[in-house]
Amino acid sequence: WNKNGRNFSARFYNRVVEISNKIKCNADDLMALMNAESGLKPTARNKSSDATGLIQFMPNTAKDLGTSIEALKNMSAEEQLVYVEKYLVKAKSNAGLSKDSKIDAGTLYALVWLPGRAKKKILAESGDKYYQANKGLDKNNDGSITKEDLKRQLDSKRE
């Protein structure tokens, strides 16, 4: 993960491992998720939605976590991990996943992309507004976005 000039501190990587252990996911999956969402840039911002940061926090989500997208964009990657953890713990619970249940790569990505559908195998289908806005996630072009598609997206973002 230190390729391409990404020289995060050992403390950053240790926090990623701590968060992964807490929410029961693979640390590599969490790194790939942040890479897929932001290129591992804490200042990344989606111009169309204002989503900001490592996991592309939406403005209302940031507010619910006690911060703002403005504050997030001024944080270091390490500082943002506090909010990544808060978000993922809350999203896992809200999705009805038990605290001790392991999270696979597809489910982890679903918790960020469409948390309300994180327990479903098929997350969006052709005709659904989420599908239309994210057709690129349909890796096998079958008119649906599944957790397997999300896993493939993360696999393509591993370094």
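Buried means under 20% relative accessible area, exposed means over 50%, and partly exposed lies in between. Keep those cut-offs in mind on this tour of a predicted model.

**Stop 1**

Select Asp28. Is Asp28 buried, partly exposed or exposed? Its relative accessibility is 34%, so Asp28 counts as partly exposed.

Look between the two side chains. Asp28 and Arg158 form a salt bridge, with the closest N and O atoms 4.0 Å apart. Asp28 sits in helix H2 and Arg158 in the segment after H8, so this pair ties together parts that are 130 residues apart in sequence. Side chains of opposite charge can pair when their charged atoms come close.

The salt-bridge count for the model comes to 12.

**Stop 2: Arg15 and Glu85**

Select Arg15 and Glu85. Their side chains meet in a salt bridge of 2.6 Å, N to O. Arg15 belongs to helix H1 and Glu85 to helix H5. The two are 70 residues apart, and the pair links distant parts of the chain. Are Arg15 and Glu85 buried or exposed? Both are buried.

**Stop 3: the nonpolar core**

Next, show Phe12, Leu30, Met34, Leu88 and Trp113. These residues have the most contacts inside the largest nonpolar core, a set of 48 residues. Which elements build this core? Helices H1, H2, H4, H5, H6 and H8 each supply at least two residues, and so does strand E1 (122–125). In soluble globular proteins, nonpolar side chains tend to be buried together.

Zoom in on Leu30. Leaving out residues up to four places away in sequence, Leu30 touches Val16, Ile19, Ser20, Cys25, Val84, Leu88 and Leu108.

**Stop 4: Ile69**

Jump to Ile69 in helix H4. Its relative accessibility is 5%, so Ile69 counts as buried. Show what surrounds this side chain. Beyond four places in sequence, Ile69 touches Arg45, Asp50, Thr52, Phe57, Met58, Pro59 and Ala62.

Now draw a distance from Ile69 to Asp155, C-alpha to C-alpha. How far apart are they in space? The distance is 28 Å, and 86 residues separate the two in sequence.

**Stop 5: Asp149 and Arg152**

Move to helix H8. Asp149 and Arg152 both lie there, 3 residues apart, about one turn of the helix. They form a salt bridge with the closest N and O atoms 3.2 Å apart. Compare their surroundings. Asp149 has 1% relative accessibility, so Asp149 counts as buried. Arg152 has 35% and therefore counts as partly exposed.

**Stop 6: Asp138**

Finish at Asp138, in the loop between helix H7 (129–133) and strand E2 (144–146). Asp138 is buried yet has no salt bridge. Where is the nearest side chain of opposite charge? That is Arg152, 6.8 Å away.

What does the Asp138 side chain meet instead? Select Tyr131: a polar contact of 2.7 Å joins the two side chains. Then select Ser144. Its backbone nitrogen lies 3.4 Å from a polar atom of the Asp138 side chain. Asp149 takes you back to Stop 5, where Asp149 pairs with Arg152.

Terms used: Residues are numbered from 1 along each chain as its sequence is written. This is a predicted model: local features need pLDDT of at least 70, side-chain atom pairs count only at pLDDT 80 or more; totals for chains, interfaces and linings use all residues. Side-chain values use heavy atoms; hydrogens and water are left out. Helices (H or I, at least four residues) and strands (E, at least two) are DSSP runs, numbered from the N terminus. Buried means under 20% relative accessible area, exposed over 50%, partly exposed in between (1.4 Å probe, protein chains only). Lys and Arg count as positive and Asp and Glu as negative; His and the chain ends are not counted. A polar contact is a pair of N or O atoms within 3.5 Å; within protein, one must be able to donate a hydrogen and the other to accept it, and residues adjacent in sequence count only if both atoms are side-chain atoms. A nonpolar core is a set of buried Ala, Val, Leu, Ile, Met, Phe, Trp, Tyr and Cys residues joined through side-chain atoms within 4.5 Å. Contact means heavy atoms within 4.5 Å.
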